[in-house]
Amino acid sequence: MKNLKQSILISLWFIFLTFPLMVIRVNTVEQEVEWRWINMAFIGVGAFICSYIWRYLMARKEKGGNEEESKTSWHQTLTMDKRYAIPAAALILTLAIIFPNIVSEYRINTMISALIYVVLGLGLNIVVGLAGLLDLGYVAFYAVGAYSYALLNHHFGLSFWACLPLGALLGAFFGILLGIPVLRLRGDYLAIVTLGFGEIIRLILENWNEFSFGPSGIANISNPTFFGQEISRSSGILFIYYLMIALVIFTIFVVNRLQNSRLGRSWVALREDEIACQAMGIDRMKTKLAAFALGATWAGMVGVIFAAKTSFINPASFTFLESAIILSIVVLGGMGSILGVILAAFVLILLPEELRAFSEYRMLIFGASMVLMMVFRPQGIIANVRRSYEYHGLDGAEEAK
Amino acid sequence: MEYFFELFLGGLTRGSIYALIALGYTMVYGIIELINFAHGEIYMIGAFTALIVASLLTMAGMDGMAVLALSMVVAIIYAGAYGLTIEKIAYKPLRQAPRLSPLISAIGMSIFLQNYVLLAQTSDFLPFPSLVPEFSFMEPYEHIFSSSELMIVVVTAVSMLVLTYLIKFTKMGKAMRASAQDRTMAMLAGINVNRIISTTFIIGSTLAAVGGVLIASHIGQINFYIGFIAGIKAFTAAVLGGIGSIPGAVLGSLVLGWTESFATGYVSSDYEDVFAFTLLVLILIFRPAGILGKTKTQKV
């Protein structure tokens, strides 16, 4: 009874809150008012239902979901146990290889963008998930990669294969360039400076016409070549698709190795406690710079591929919104978790393509799910499994988990 | 010389608006150490609410100061309500969480609110009626300093005074300062900290709404995206002055306003936002505590 009363009050509150924006729409030019009373009913019912869900989730959270976490979950078995991991990987790889033969070119294109976001997510995952440095201007490095290919190709006719490592290097260089001044900053200041940095890069690209051709962008960027052989546009798509698959595998491999390396573990230590970490003799500066540089490397590399894929780029592709999408991929997937980030990238990029009707609600849902995720499941869809050791009895059987 | 004065006054107007928004950032940061990313969105929602109310009133045949006053009041009420609700949903459950969590939640909230307004209203720029009447005594100066600019500066100054009084001399202000200094201790002293935090959010939001209405009426158009840039710049201003410090926020805002105004006037208007962000980056590198902020040594 108390719950019911509370929910009714909540729904009345939300009706009041959303009344001017949801119900009234004025047309100031023609002096007309549009009243959309039906929205009021939607909000009321929606808020009523949501308040029940909220309460249920809150209660569940307070009871503590720790018990289920301690058990070995399905994804852990899948990734850790060789008996399952190898067949699963083989199955996914086979599917990935035959995928372009069974779907249309449009589908391949969306798949390529999803794969691009997978790599971007994994790259940002190094910075945000592992090292705990909230980078809101990640898209700047992506832009650096894309523009380095476009400009080098336009002015000097450099090929795709020459630009791929160059883009990665330039990305890393810019990562260090951003990293040096912000080393001393704490989490939230860092967020705002990286955001400012991302905006500066975009604004420069937009306004410096002689350098970047301004808002109109750069068109006719060459296709990649295959061992010096020109490829036609349609088989170029296929080629880029396989290239992305290779890059994703490479990224997963590298990030996985990094995670368990000395560097990776110092990132995690840095994320958990900076002061304690320094006391343990970890060089904070080197570790942070490495995170920025390595994260940016992937963005630079993918930027080159993005430019080759679309053959046209302009500053509008590199707004804060992109950074926010990449960040939400990392957050929703689970910070630090490779499998989670990959899944989240597919869900967030492919789902709106499939559900065209909802595509305008995409960002609304992104935003809401970021909030809800933080409140109810801060560890993401698939939590990152930290290496832990359990002690079993006195006979000394220490088992890695 | 006249050009200089024009830029100076333009900077003062800009700075005043930034100050109104920056105060919300600084007050919230002072108490719960969170960058309320959604604060710029409150400013935008305030402007939208005022636009709707003002249009309805104008169509009903009202005009002059009454429209301004009424739409301002409604905008303030709604901004306060939004501030309160946002705090309850996105930040309160995360009081004990690691620092990164509320920040990400705030970014999510900001994206959500932007798109909520985009979907509920429109993605186009809406013309905003000029609500501030032309004062006759301002006529000789109209070419360098308009009536609405005067209004902005005066309202900001008055709001500052009221806020200073509120924080320095009332019991609630005392409780706020106590909570900002030490939340646990304040709780032990019998202060309802949760209520103080909510009040802070409401006060900050109302100031942002005042800023939103005034600047929208001055510039003459709004869309769902105005809150983002304004919010970032106001945050820059708050950091510039030393976040957590109220006089610092005002000072930082004025410095930022003048920097932008003079830089666009004398250097180039294409890079307006670049100047603001560069200033932010420079300040954070060389004086992370801001102009009036104190450097705190971190104890373990």
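User: To start with chain B, how many helices and strands are there in chain B?
Analyst: In this predicted model, chain B contains 11 helices and two strands.

User: In what order do the elements of chain B run from the N terminus?
Analyst: The order is α-α-α-α-β-α-α-α-α-β-α-α-α.

User: What about the radius of gyration of chain B, and how does that agree with a compact globule?
Analyst: Chain B has a radius of gyration of 19 Å, which agrees with the value near 19 Å that a compact globule of 300 residues would have. Along its principal axes, the C-alpha trace of chain B spans about 60 × 45 × 40 Å.

User: And what percentage of chain B counts as buried?
Analyst: Of the 300 residues in chain B, 51% count as buried. Among contacts in chain B with a separation of 6 or more, 77% come from residues 24 or more positions apart.

User: Let us take helix α8 of chain B. How many residues has it, and what does it reach from first C-alpha to last?
Analyst: Helix α8 of chain B covers residues 193–219, which is 27 residues. From its first C-alpha to its last it reaches 39 Å, close to the 39 Å expected at 1.5 Å a residue.

User: How many residues of α8(B) are buried?
Analyst: The helix α8(B) is mostly covered, with 21 of its 27 residues buried.

User: What follows α8(B)?
Analyst: B:Gly220 follows α8(B), and the phi of B:Gly220 is positive, near 95 degrees.

User: Changing topic: how many residues of chain A are in contact with chain B?
Analyst: On the chain A side there are 44 residues, in contact with 50 residues of chain B. The elements of chain A that give two or more residues to this side are α1 (2–23), β1 (24–27), α9 (187–207), α15 (320–333) and α17 (362–376).

User: Which of these gives the largest share?
Analyst: The largest share comes from α9(A), with 14 residues.

User: How do the residues on that side divide into nonpolar, polar and charged?
Analyst: The side of chain A that touches chain B has 32 nonpolar residues, seven polar and five charged.

User: What does the domain assignment give for chain A?
Analyst: The assignment gives domain 1 (2–64) and domain 2 (103–389) of chain A. Taken over C-alpha atoms, the centres of domain 1 and domain 2 of chain A are separated by 36 Å.

User: Now A:Gly340. Where is it found, and is it buried or exposed?
Analyst: A:Gly340 is found in helix α16 (residues 338–354) of chain A. A:Gly340 counts as buried because it has 26 C-beta neighbours inside 10 Å, and the cut-off for buried is 20 or more.

User: What is A:Gly340 in contact with, leaving aside neighbours within four places in sequence?
Analyst: A:Gly340 is in contact with A:Gly333, A:Gly334, A:Gly380, A:Ile381 and A:Ile382. A:Gly380 is 40 residues apart from A:Gly340 along the chain, yet their C-alpha atoms are separated by 7.4 Å.

User: And A:Gly336, where is that found?
Analyst: A:Gly336 is in the loop between α15 and α16 of chain A. A:Gly336 also counts as buried, with 27 C-beta neighbours inside 10 Å. The C-alpha atoms of A:Gly336 and A:Gly132, 204 residues apart along the chain, are separated by 9.1 Å.

Terms used: Residues are numbered from 1 along each chain as its sequence is written. Chains are lettered from A and ligands numbered from 1 in the order in which they are written. This is a predicted model: local features need pLDDT of at least 70, side-chain atom pairs count only at pLDDT 80 or more; totals for chains, interfaces and linings use all residues. Two residues are in contact if their C-beta atoms, placed from the backbone, lie within 7 Å. Helices (H or I, at least four residues) and strands (E, at least two) are DSSP runs, numbered from the N terminus. Ala, Val, Leu, Ile, Met, Phe, Trp, Tyr, Cys and Pro count as nonpolar, Asp, Glu, Lys and Arg as charged, and the others, Gly among them, as polar. The radius of gyration is taken over C-alpha atoms; the globule rule is 2.2 Å times the number of residues to the power 0.38. A residue is buried if 20 or more other C-beta atoms lie within 10 Å of its own, exposed if 12 or fewer, and partly exposed in between; C-beta atoms are placed from the backbone. Domain bounds come from an automatic or database domain assignment. The expected span of a helix is 1.5 Å times one less than its number of residues.
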